[in-house]
Amino acid sequence: MKSPRKPISRLSSLGGHDFSRAETAQHVRTALAAEGSLKRILASGAKAHFNCGKHAARLKPCPPVSFDPGAKKHAALALLACLLLAAPLVAQQPAEQAAKDAFQRVSDKLICQCGCNYGLSHCPHLECPSAPVLRAAIRQQLAAGKSEEQVLQAMVADFGPAVLAAPPAEGFNLTAWVMPFVALALGLWLAIVVICRWHARRRAAAPDPYLLERYRTNLEREMKRLEE
Amino acid sequence: MDALGSYSLLLAFCFCLYSILAALIGHWKQKPLLQQSAERAVLAACGLVVVATFCLAVLLLRDDFRLAYIASHSNRALPVYFKFAALWSGQEGSLLWWSCLMSLFAATAVAVNRRTHAHLMPYAVVALMAVLLFFLILNNFAVNPFRLLTADGPRGPEVFSPPDGGGLNPLLQHPAMVIHPPMLYLGFVGFSVPFAFALSALITRSKGEQWIRITRHWTMIAWCFLTIGVLLGGRWAYAVLGWGGYWGWDPVENASLLPWLTGTAFLHSVMMQEKRGMMKVWNMGLIFATFLLCIFGTFLTRSGVLSSVHAFAQSAIGPYFAVFLSLLLFVCGFVLLRRLDFLKSENQLDSLASRESSFLFNNLILLASCFAVLWGTLFPLISEAVQGVKISVGAPYFNKIQVPIGLFLLFLTGVGPLFAWRRTSMESLRRNFTRPLIFGALVAIVSFIFGARNFYALVAIFLAFFVIGTITLEFFRGARVIRQKEERNWAGAVIELTRRNTRRYGGYVIHFGVALLFIGFVGSAFTIHEQAEVLPGDQVTVRNYRFVVQSLDQQETDNHIASQARIDVFRNDKFLATLTPERRFYKASGQPTTEVAIWPHLSKPLEILQHPHADIYLVFAGMAEDNQRAVLQIYINPLVLWVWVGGAVMVFGTGIALVPSRPPQPGRPTRKRKPTKERDEVAA
């Protein structure tokens, strides 16, 4: 049963539930300005009502919303800072493209922290508490002149190594990268040994007994058929 | 109805237990009647589980919310087909569904083989029923789907029925979800039959390759279902999750891929045993591994040891699975070691360049790929156990490792079938390879000229078209020989050729599907992704595509409220289609989802013909911060269509291979022409 279409302005309060990310983003920005550590922001951000994938998928009730009352000032400041930093990039097309590529490369290497398990560039949940924060932080840091490597390091410092989409190839994590190829090499060696052994056996031995047996049964069958 | 279901499950458990005991005792004491009653108990258990499943389905359709399972997985406004699909969308239901399919497979396998292969039956029955018993234990005692909702009343706990249910998870309300789980489960369950007969053949020291002949069709059918299941899972993820891709190397996706990889290796290596009596131990190991990985996959999906975007049902059944898996592992390992002498085969290899060695490499690569997937999937757990640090292993890791392995596999797909058994001459290699190699290289060069500048993508294109070239050449040569002998047109000759050796040419068709699949994979290297915040009337330009936002509306049905964007898509200023990505809010569960708009639509051939090279994939991600503009995710996904086409071709090929071959029919008008040398090749 379809009702007539309604104007878009009512979207924000669908069925009495928050359907926009406006408050979320604002909350996050204020916290960003006030606290500095992204990890802490997300910890406090978890208090906000986010219908992120994790909650949706597991049928868990989302936690209630709470907002810092003195947040708006910080938000405005943070927004201004972002705009100022981003301003020179708009002027030059190629530079803008380069920044976009750098942003893409960095976010491809990170995982969204809302528990959804998606890559940062792919997290499809708009009310996601983590992805907009991380994306904004990456843009900000890249614009501030940090290298891609430095941004990644800053992320690891904030969230721990689990933020990286692939483990860094160092220390114990090296085994993650090396083991498949060690297994492949081992298998290859084994296959070669087996092939050589089979090949050597052929040189040494008489005809393949299995094949002889098959030929014999085939022959007998054919003979029988002829007799019939 | 719920009592009937509950008691059926309990009785099925008893029959299952009885059939195991009767089969064992009947075999040890040589009592044929007892063995026969064990076989009949299998049929009875099957009937009872089917009755229980039927009961749950009826209760779901009748909206009986007294049952905890139904109250939390369905609601009154849910469309009927999703009510039915709710049968397998939660923990309890899906495990009952597993038992149902498993019992049907077991009953069919027993009914078909009990007269012809009586000596294998006792242990096959024990193995099949032991697996079913495990799932029935879960159904009855751990996660019973017929559990009633109770509340404390004045006279103790009372059954109560809420007015409406909590609704089906909206992510699961998609047509692919109605068929994806049954397909995947059919694949998982299907491997239990070859597993049971292999185990039985090993224990009873059954002679020869009988178990392989018995289970060949079972294996192929199970593999086919698994292929369909994995691909449908990808299609579901693509159409529902809204992240723009179909395969994210998520633990649950990996869990379904693992048995597919070992199963594929097994399908190839059994040919070595059939034709040459080689690799007996290896084949046993492979089928055991495949079945263990099927159980392991279910364990990963159901237990929640790894976080996943697909984990829709989790509870504390992990320990049950852990115990069952270790038991299975122990039994398989023990029997295999005890029977090593029996499996000894006098293998010989005439030449290094032969089908045998190519199969060995095929197995090696498939297993290496399987190990890499398993290792990557489990590495977060390993890392946490060893260094106490939680890390993530995501798509970048798997892509880096799997892409080269996959390409090598594609290379073998092209090369392997062209090697003859025992020995291949350089001359035949040259004859078979030159033209396909040139063909592949030409297509790769053309792609490079048209702007494909990705190394792996170019290699994949080269190899995929090389494979297509080799397969086409094989069909062409065979058909030419038939045409020389008989009056047939080309199509008739190709059909006749295929009918004479369905396994071989069905296999080629499957390989052709694999090549198409890889062509589809290549597209992911060239995906374009843009995000835009738009108002009605706005335009967004991405490369040569233009998106014009017509309107942003809101619509309501009984089940959900949807905000919808209507967007006209133009390519080079030519109108293509109007797409309507939605963002839905489901009333019963209170959850929002995205309803992706994908064009061309798979069910509309005209659209596909109009635009076969790329999918336009629009996501209405929600409202921007000002609450006026809509956030739009725009993806241009090249070549994705070919993934589904490739999958369909693979399934078609399996269908061909399942048809028995037919020897050449005498009495066809023949041409009076001298038979050429190539005639012998076809006969071989």
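View 1. Phe521(B) is partly exposed, with a relative accessible area of 33%, where buried means under 20% relative accessible area, exposed over 50% and partly exposed in between (1.4 Å probe, protein chains only). Phe518(B) is buried at 15%. Helices (H or I, at least four residues) and strands (E, at least two) are DSSP runs, numbered from the N terminus. This is a predicted model, in which local features need pLDDT of at least 70 and side-chain atom pairs count only at pLDDT 80 or more, while totals for chains, interfaces and linings use all residues. Residues are numbered from 1 along each chain as its sequence is written, chains are lettered from A and ligands numbered from 1 in the order in which they are written, and side-chain values use heavy atoms, with hydrogens and water left out.

**View 2. Aromatic pairs of chain B.** Over all chains, the structure holds 44 aromatic pairs. Rings of Phe, Tyr and Trp (its six-membered ring) pair if their centres lie within 6.5 Å; planes under 30 degrees apart count as stacked, over 60 as edge-to-face and the rest as tilted. Phe433(B) and Phe466(B) form a tilted pair, 5.9 Å centre to centre with 35° between the planes. Phe433(B) belongs to helix α15 (residues 426–449) and Phe466(B) to helix α16 (residues 455–485) of chain B, so this pair ties together parts that are 33 residues apart in sequence. Both Phe433(B) and Phe466(B) are buried. The rings of Phe518(B) and Phe521(B) have centres 5.4 Å apart and planes at 65°, so that pair is edge-to-face. Ring pairs also link a cluster whose members include Trp98(B), Phe134(B), Tyr185(B), Phe296(B) and Phe324(B).

**View 3. Arginine over phenylalanine.** Arg139(A) lies over the face of Phe103(A), 4.0 Å from the ring centre. In chain B, the charged end of Arg453(B) sits over the ring of Phe448(B), 4.2 Å from its centre. A charge sits over a ring if NZ of Lys or CZ of Arg is within 6 Å of the ring centre and within 35 degrees of the ring normal.

**View 4. Helix α11 of chain B.** The 24 residues of α11 (residues 280–303) should span 34 Å at 1.5 Å a residue, and the end C-alpha atoms are 34 Å apart, which agrees. The expected span is 1.5 Å times one less than the number of residues. Of the 24 residues of α11(B), 20 are buried, so the helix is largely enclosed by the rest of the structure. Gly304(B), with a positive phi near 75°, follows α11(B).

View 5. The peptide bond from Trp599(B) to Pro600(B) is cis, with omega near 0°; Pro600(B) lies in the loop between β10 (597–599) and α19 (605–610). Trp249(B), in the loop between α9 (210–241) and α10 (251–276), has a positive phi near 55° though it is not glycine. Trp249(B) is buried, with a relative accessible area of 12%. Arg543(B), in the loop between β4 (539–542) and β5 (545–556), also has a positive phi, about 50°, but is exposed at 65%.
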